[in-house]
Amino acid sequence: MGIEEHRHAIRELIEDPTLTYRQRIQALALAAEDVLEPPPVSEACAQALAKGLICDLAEGHAPHRPRYTLPDYAKALAQGSTFLELTPPTTFDDATTFLLAVYGSVPSITGYPVWFGDLDALLEPFAAELTDEELRTRLRRFWVLLDRLFPDAFAHANLGPTDGRVVRAALAVHRDVRQVVPNLTLRVDPDVTPDDLLLDAMRTVATVAQPHLVNHPMMVADLGDRYGVVSCYNSLPVGGGSHTLVRLNLKEAALRHAGRSSTFVRDSLPVAIELTAELMEARIRHLVERTPFFETSWLVTEGLLSLDRFTAMFGLFGLAECVEHLLALDGRDLRYGRDEDADALAHEIVETAARLVAERPMPYCEASGGRALLHSQAGLDSDRQVTAGTRVAVGGEPGLYRHLEAVAPNHRWFPAGVSDIVRLDETVTENLQAAVDIAKGALAMGMRDVTFEVANGEFVRVTGYLVRRRDIDRVASGDGVRHSSSVLGAGSFTNARLDDRRPQRVRSPERDARPRR
Amino acid sequence: MRALVADVVDASCVDGPGNRYVVFLQGCSFRCVTCHNPHTISPHPTPTSRWVEVDDLAADIARRAPFLSGVTVSGGEATLQWEAVRALFQALAADPATALLTRLVDSNGDADPEVWEALAPWMHGAMIDLKALDPVVHRELTGCSNGRVLCSIRQLTAMDRLTEVRLLIVPGVNDDAVQVAATARWLAALDPVPPVVVQGFRHEGTRPAARRYRPATTGLLEDVAARLVAGGLPASLVRIRGIVGAEPAPAAEVPVQAGA
């Protein structure tokens, strides 16, 4: 891009009537960054990026802060902050004020924090002084501020796995305020999380399509107990985060493959993996070696972030189209999620990718043994005709059990998160225990992440975040919206045909036993 | 032991509490004009029914057990094949993989006392349809007397095996003030009073003859529920089913004191 093109792009941002002030500032900053040359990579890697085999998710040409950060908020509350000139809080109000002050200075790719912390664990000690009513009132104010100060649905709070007053109040407030911020994840441990809390979570899902559920024992086994779920189901180490997220388009990798499907994992996949890893390495080295972030950020100097708690995310997407194209090379017309041979090839590709990523050293990734963490990347607003992550294609989802059997074997390979959205028929709202049963079954079969959506709800889950249907309509008609994520969400809604997701476990209402053969 | 099966649904949220595996048995003793599944009425094999070994059913249920609250046997009329139902429940109770699932029967109530005696040790409860308390109206709707239905409801109450009573409201037939008040009084006299579910008649799946009845509106169901409460049923025990978009109701609790 020449300087004239940059000027034109910046002029367009300045004059765009749909952007809020914050959205415009954020876009201008990225445009300025992109005037610089990106970190140098090989010609093959640059070509792969230009042709869409790999994608840097528009992270910018000169990474100057980690993509995702998870400050150790518990430590901050305990020690106070010199930078913010705050002493350790002693009351609930002081604690939420303290946290809001910290969030205001937490960097990430979005310009807003992507993680608000384990809010129930952080606030429970301060809640003892409050009655239930006082707790609800204060938490509600806090929730309103989270949404208005950080209007971005990638901003994510975690709850659970243990029961408590704050988690219950948080779910109740969340149902009540009907906001897309905070994005919410409940950590579930079958031995610790009571069924009744899960039922409360499902009541919340039925209202606002949140929380997302994560398999706590599985996460602890992979990342230790200091992990958080941020942005779109990205599980990462607390006190650190992820330098970058680069994703490999498996569909494009398959389109470039010559020969039979059986040789893809041997011949084409390793090349594509290495090209992705090369870009990740270049971006990480720029951040750590050329910018002052890890020397000067107050989050680092006060010990809330440390370089040895960082990793990097290696994303995969387009598995469904990859598998179908490869099988077509063999003259076979099979569908991932419907045909067992297609599922088997899908699982082989994911397992091989996981092995290759685990063999490839990655600098400054001490938090995960000097390797990147594999992540099933849930999509971008501009994606067309390519399925998010390792999901079954939208509209092609089979029955519930068959769907889960197709996708569950992938989950163990994605320590940095994976999501498969299960859209439930709206009759489930009359029988939420059914959703609890399905969640528990899914976790028991080795699903790492479980995301429910109720058909025809007010909220639509896009990749890992939510948009309101009315905001999709506003964007479509050229109006501005307060949440920056809603602009992305409206693009995905159209481009990825999200309304075509098939509700599962459909039994026609009320005693209808018509055979469904 | 074999069962003549009309259909199997391996995940249902509308046939009892939680996610349930539902077996629809072929054959019914009633001839309801309002039947949503008329193809399940014939007690003889039909093009859509099939014979299934009870052990095969139990094995398939075991495969899905981690996802289930329980199993519901429906129909047709489940109790016409009560020996197969008992055999299935016994097999489920005996297998550790399925022993913790609740075992429910969804029935029109038209069964002899001996059938319930035989099932009770293996069954957590029965959900009974009461099409009408008035015997004349009942005969109009089902072609049969409701004598055994009322006996079944009393007997299941005494055995602590009555999970719920369902009232299918057909506008202009069984929704008038006198009938609703009498039904409320009769149900309220049971000890303990069972949960009562109000459902509305719909045209989906029915035969042309059913078009002579109007479908029930949400407003009518709310009105009937209010009159049941006014007639003596505790409000906490009266629910309307089939209104989507309402504030989710708390999950019903299933009595879990079945033997075996």
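Trainee: Which ipTM and pTM does the model score?

Mentor: This is a predicted model, and its scores are ipTM 0.86 and pTM 0.89.

Trainee: And what does the pLDDT of chain B average?

Mentor: The average for chain B is 92, and 93% of its residues score at least 70. Over residues 244–260 of chain B, however, the pLDDT is below 50. That stretch still has 35 contacts in the model beyond near neighbours in sequence.

Trainee: Why should I be careful where pLDDT is low?

Mentor: Where pLDDT is low, the predicted coordinates should not be read in detail.

Trainee: How many helices and strands does chain B have?

Mentor: Chain B has seven helices and nine strands. Its radius of gyration is 18 Å, close to the 18 Å from the globule rule for 260 residues, so chain B is as compact as a globular protein of that length. The C-alpha trace of chain B spans about 50 × 40 × 40 Å along its principal axes.

Trainee: What share of chain B counts as buried?

Mentor: Of its 260 residues, 52% count as buried. As for contacts in chain B between residues at least 6 apart in sequence, 74% of them join residues at least 24 apart.

Trainee: Now chain A. How many helices and strands there?

Mentor: Chain A comes to 20 helices and 15 strands. Its C-alpha atoms fill a box of roughly 70 × 65 × 45 Å along the principal axes.

Trainee: Which domains does the assignment give for chain A?

Mentor: The assignment gives domain 1 (3–35), domain 2 (48–65 + 234–418) and domain 3 (72–211 + 421–437 + 447–490).

Trainee: How many residues of domain 1 are in contact with domain 3 in chain A?

Mentor: Five residues of domain 1 of chain A are in contact with six residues of domain 3 of chain A. On the domain 1 side, one of the touching residues is nonpolar, four are polar and none is charged. The C-alpha centres of these two domains of chain A are 31 Å apart.

Trainee: Which residues touch the most other members of the largest nonpolar core?

Mentor: They are Leu319(A), Val323(A), Ile349(A), Ala372(A), Ala435(A) and Leu88(B), in a core of 233 residues. Helix α12 (residues 264–290) of chain A gives the most to this core, with twelve residues. Domain 2 and domain 3 of chain A both give residues to the core, so it lies between them.

Trainee: Take Ala372(A). What does it touch?

Mentor: Setting aside residues up to four places away in sequence, Ala372(A) touches several residues, including Ala277(A), Met280(A), Phe314(A), Val357(A) and Cys365(A).

Trainee: Different topic. Where are the cis peptide bonds at Pro182(A) and Gly76(B)?

Mentor: In chain A, the peptide bond from Val181(A) to Pro182(A) is cis, with omega near 0°. Pro182(A) sits in the loop between α8 (165–177) and β5 (183–188) of chain A. In chain B, a cis peptide bond joins Gly75(B) and Gly76(B), with omega about 15°. Gly76(B) is found in the loop between β4 (70–74) and α2 (82–94) of chain B.

Trainee: What is phi of Arg178(A)?

Mentor: Phi of Arg178(A) is near 50°, a positive value in a residue other than glycine. Arg178(A) also lies in the loop between α8 and β5 of chain A.

Trainee: Is Arg178(A) buried or exposed?

Mentor: Arg178(A) counts as exposed because it has 11 C-beta neighbours inside 10 Å, and the limit for exposed is 12 or fewer.

Trainee: And Tyr364(A), buried or exposed?

Mentor: With 20 C-beta neighbours inside 10 Å, Tyr364(A) counts as buried. Its phi is near 55°, again a positive value in a residue other than glycine. Tyr364(A) is placed in the loop between α16 and β11 (373–376) of chain A.

Trainee: Last one: where does Arg335(A) lie?

Mentor: Arg335(A) lies in the loop between α15 (319–329) and α16 (340–359) of chain A. It has 17 C-beta neighbours inside 10 Å and therefore counts as partly exposed. Leaving aside neighbours within four places in sequence, Arg335(A) is in contact with Glu324(A), Ala342(A) and Gly396(A).

How values were computed. Residues numbered from 1 in each chain as written. Chains lettered and ligands numbered in written order. Predicted model: local features only at pLDDT ≥ 70, side-chain atom pairs only at ≥ 80, totals over all residues. Domains from an automatic or database assignment. Contact = placed C-beta atoms within 7 Å. Nonpolar A, V, L, I, M, F, W, Y, C, P; charged D, E, K, R; others polar. pLDDT = per-residue confidence, 0-100. Helix = DSSP H or I, 4+ residues; strand = E, 2+ residues; numbered from the N terminus. Rg over C-alpha atoms; globule rule 2.2 N^0.38 Å. Core = buried A, V, L, I, M, F, W, Y, C linked by C-beta atoms within 7 Å.
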